[in-house]
Amino acid sequence: MSEFKNLTLDVADQIAVLAISRPAALNALNSETLDELNVALTEIEARDDVKVLILTGGPDKKGNEFKSFVAGADISEMVNFTAPQARAFGIKASEPFFKLMNMRQVTIAAVNGFALGGGCEISMACDIRIASENAIFGQPETGLGIIPGFGGTQRLARLVGMGRAKEMIFTCDNVDAAEAYRIGLVNKVVAKEELMPTAKAMAAKIISKGSYAIAVAKAAINNGYDMDIKNAVEMEANLFGIVNDTNDKKEGMGAFLEKRAANLTDF
C-alpha cells in the first residue's frame, strides 16, 4: 500500500479501517486528501484480503476520537476558487466517492462526530452508515453562498426524499443522530464506545456470507435504482443466472441441504 499524509489504514480479519486524519482541520477534505482517497480506494479494491471497508474520521488535535468524522470540504482552499476551479474540485471528489459507492467491497461509514457538507456527502457515498449518538449531519453550503458540490443534492434526495433534502439544504439546519436515523439518513445509531465494535460486527456478519454474491447484489442495487422496473428486473435475472454458475452457489446450497455450515470462498 502507498503511504499517506492524511489517511490511516488498518487491515485485519478481512476488514479495512480507513480513517481520514487531518487533526488540525477536523478532517476537512482538501485536494490532497481527495487524491489520497482515490489512490487508497483503488488499492483496497484490488486486495482479495479485504471484503469490507469501514470509513471513519481520525481524532482531533486534542486526541478526541468523537469530535469529527469529516467537518466538510476545506473552505481555506475553496475561498478563492474560480468557477472552473470549483467544478474541477467537485469532479475530483466524485472519483473516490463513486469508488466508495461502486467498489466490490461493502463500504460502511462509521460516523464519529461532525459530518457536515463534504462529510455528509462522503458518508452518503458509502453503502451503510452507522452513527455514534453524538454525530451531527448537515449540508451548510447555501449559507456560504454555494451549493453542495460533492453529490449532496443528488444522494441526499435519494436517501431521505426530495422534501427533506430540500429542507436540509435550503435551511442549512443540522440534524442529530436520532433525527438522521428517523429520516433514513443512517442505518443505525449507537453509543460512542460501541461505534467501531458495531461496525466491525456488521462487517464480520457480511463477510460470513457469499462475498462474490454480495458484490453482484451491490452492483444490481446500484445499477437498477434509476432504471425502469422492467429493465431492472431483467438485469437482476441476468445477474441471478451468473451467480448460479459459481462455486459458492454449489457450496452454499449443498451445505443447506446437508445441514452444515457453508464455506463460501468466491470473491
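Predicted model: local features only at pLDDT ≥ 70, side-chain atom pairs only at ≥ 80, totals over all residues.

Modeller: Residues are numbered from 1 along each chain as its sequence is written, and side-chain values use heavy atoms, with hydrogens and water left out.

Colleague: Is strand S3 largely enclosed by the rest of the structure or exposed, and how many of its residues are buried?

Modeller: Helices (H or I, at least four residues) and strands (E, at least two) are DSSP runs, numbered from the N terminus. Buried means under 20% relative accessible area, exposed over 50%, and partly exposed in between, with a 1.4 Å probe and protein chains only. Val 52, Ile 54 and Thr 56 point one way from S3, Leu 53, Leu 55 and Gly 57 point the other way, and all are buried. Strand S3 (residues 52-57) is therefore largely enclosed by the rest of the structure, and the number of its residues that are buried is six of six.

Colleague: Which residue of S5 is the bridge partner of Val 52?

Modeller: Two strands pair if DSSP finds at least two bridges between them. S3 and S5 pair in the parallel sense over four bridges. Within this pairing, the partner of Val 52 in S5 is Val 106.

Colleague: What is the handedness of the β-α-β unit made by S2, helix H1 and S3?

Modeller: Strand S2 (residues 15-20) runs parallel to S3, and six bridges join them; Ile 15, for instance, has Val 52 as its bridge partner in S3. A crossover is right-handed if, with the strands pointing away from the viewer, the path from the first strand over the helix to the second runs clockwise. The unit of S2, helix H1 (residues 31-45) and S3 is right-handed.

Colleague: What is the C-alpha to C-alpha distance between Ala 109 and Ser 123?

Modeller: Ala 109 belongs to strand S5 (residues 106-111), and it counts as buried because its relative accessibility is 0%. Contact means heavy atoms within 4.5 Å, and the residues that Ala 109 touches, not counting those up to four places away in sequence, include Leu 55, Phe 69 and Ser 123. Ala 109 and Ser 123 are 14 residues apart in sequence, and their C-alpha atoms are separated in space by 5.5 Å.

Colleague: How are the rings of Phe 81 and Phe 89 arranged?

Modeller: Rings of Phe, Tyr and Trp (its six-membered ring) pair if their centres lie within 6.5 Å; planes under 30 degrees apart count as stacked, over 60 as edge-to-face and the rest as tilted. The structure holds three aromatic pairs. The ring centres of Phe 81 and Phe 89 are 5.2 Å apart and their planes stand at 65 degrees, so the pair is edge-to-face.

Colleague: How many residues apart in sequence are the parts tied together by the pair of Phe 97 and Phe 150?

Modeller: Phe 97 and Phe 150 form an edge-to-face pair, 5.7 Å centre to centre with 85 degrees between the planes. Phe 97 lies in helix H3 (residues 83-102) and Phe 150 in the loop between strand S8 (136-138) and helix H5 (152-160), so the parts tied together are apart in sequence by 53 residues.
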